[in-house]
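Here is a short note for a colleague who is opening this structure for the first time. Please read the points with the model in view.

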Amino acid sequence: MQNTEWLAMAKRIQAIAQAGLFYTESPYDKDRYQELSDLSVQILSKLSDEPIEKIGALFTQERDGYQTPKVDVRVVVFNDQNEILMVKERVDDRWSLPGGWADVGYTPSEVAVKEVKEETGIDVKTIRLLAVMDKKNHPHPAEAWYVYKLFILCEKIGGEISQNTMETSDIQYFPSDKLPPLSEPRNLESQIKLMFEYKDNPNKEVYFD
């Protein structure tokens, strides 16, 4: 069995364990669900190369309720030269579309605007949703979290590019045939190419898994 299949099962075990911990009133069942949760964290750590402490802390924060997928918002901005806006991530020195985890209290559109401003310094307005992807259906590197990815088209309306950000070290526009080394946990070449298809065909229907 491939690592991705083991990873999917470990995530499912974690989800079942968290639901059990939330709903059961039996002390005996709580112990068993906690043991399942701990075992799944160990498996997830081995498969994703993330430290147990990091994975365990995340699931502890999310244990007050039924576990749901995390949401990653990626923002698509083109310039007049048919180039796409990308940022260089400090964490791996590779490139991605601006974006990040959706914040509680913000709509997807608000997250998109906020992330672009924080990571690039420019102001944008949202135009339309382009794609909703289940990360497991695309060849991203293995990771602990179960993730939905939203790709939102935006248009620049002001501001100037600023290199002084905490998460990114460079900001540039790239044409489709000269993409830089990509931060594959965040985006894949196939996904970037799909975004260019929307640029060439504005009436293309929303992609969703």
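**Helix H5 and its surroundings**

1. Start with the packing around H5. Its buried residues pack against strand E1 (70-77), E2, E5, strand E6 (147-159), E7 and strand E8 (207-208). Bear in mind that this is a predicted model.

2. Which residues of H5 are buried? They are Gln191, Ile192, Leu194, Met195, Phe196 and Tyr198. An α-helix has 3.6 residues a turn, so residues three or four places apart point the same way.

3. Now the wider fold. The protein chain holds five helices and eight strands. Along the sequence the pattern runs α-α-α-β-β-β-β-α-β-β-β-α-β. Take the contacts between residues at least 6 apart in sequence: 68% of them join residues at least 24 apart.

4. Burial and surface come next. The protein chain has 209 residues, and 41% of them count as buried. Its accessible surface is about 11600 Å². Carbon and sulfur atoms account for 51% of that surface.

5. Look next at the largest nonpolar core, which has 17 residues. Val76, Ile84, Met86, Leu97, Phe151, Ile192 and Met195 touch the most other members. Strand E2 (84-89), strand E5 (122-134) and helix H5 (189-200) each supply at least two residues of this core. H5 gives the most, with five residues. In soluble globular proteins, nonpolar side chains tend to be buried together.

6. Leaving out residues up to four places away in sequence, Ile192 touches Ile84, Met86, Leu97, Leu179, Leu182 and Asn187. There is also a second, separate core of 14 residues. Val73, Leu85, Val87 and Val124 are among its members.

7. Is Asn187 buried or exposed? Asn187 is buried, because its relative accessible area is 0%, and the cut-off for buried is under 20%. Asn187 sits in the loop between strand E7 (168-174) and H5.

8. What does Asn187 meet there? Its side chain reaches the backbone oxygen of Trp95 at 3.4 Å. Setting aside neighbours within four places in sequence, Asn187 is in contact with Met86, Trp95, Ser96, Leu97, His140, Leu182 and Ile192. Of these, Met86, Leu97 and Ile192 are also named among the core residues that touch the most other members.

Notes: Residues numbered from 1 in each chain as written. Predicted model: local features only at pLDDT ≥ 70, side-chain atom pairs only at ≥ 80, totals over all residues. Heavy atoms only, no water. Helix = DSSP H or I, 4+ residues; strand = E, 2+ residues; numbered from the N terminus. Buried < 20%, exposed > 50% of the residue type's maximum accessible area, 1.4 Å probe, protein only. Contact = heavy atoms within 4.5 Å. Areas by Shrake-Rupley, 256 points an atom, 1.4 Å probe, with all protein chains shown as cover. Core = buried A, V, L, I, M, F, W, Y, C linked by side-chain atoms within 4.5 Å. Polar contact = N/O pair within 3.5 Å; in protein donor to acceptor, adjacent residues only side chain to side chain.
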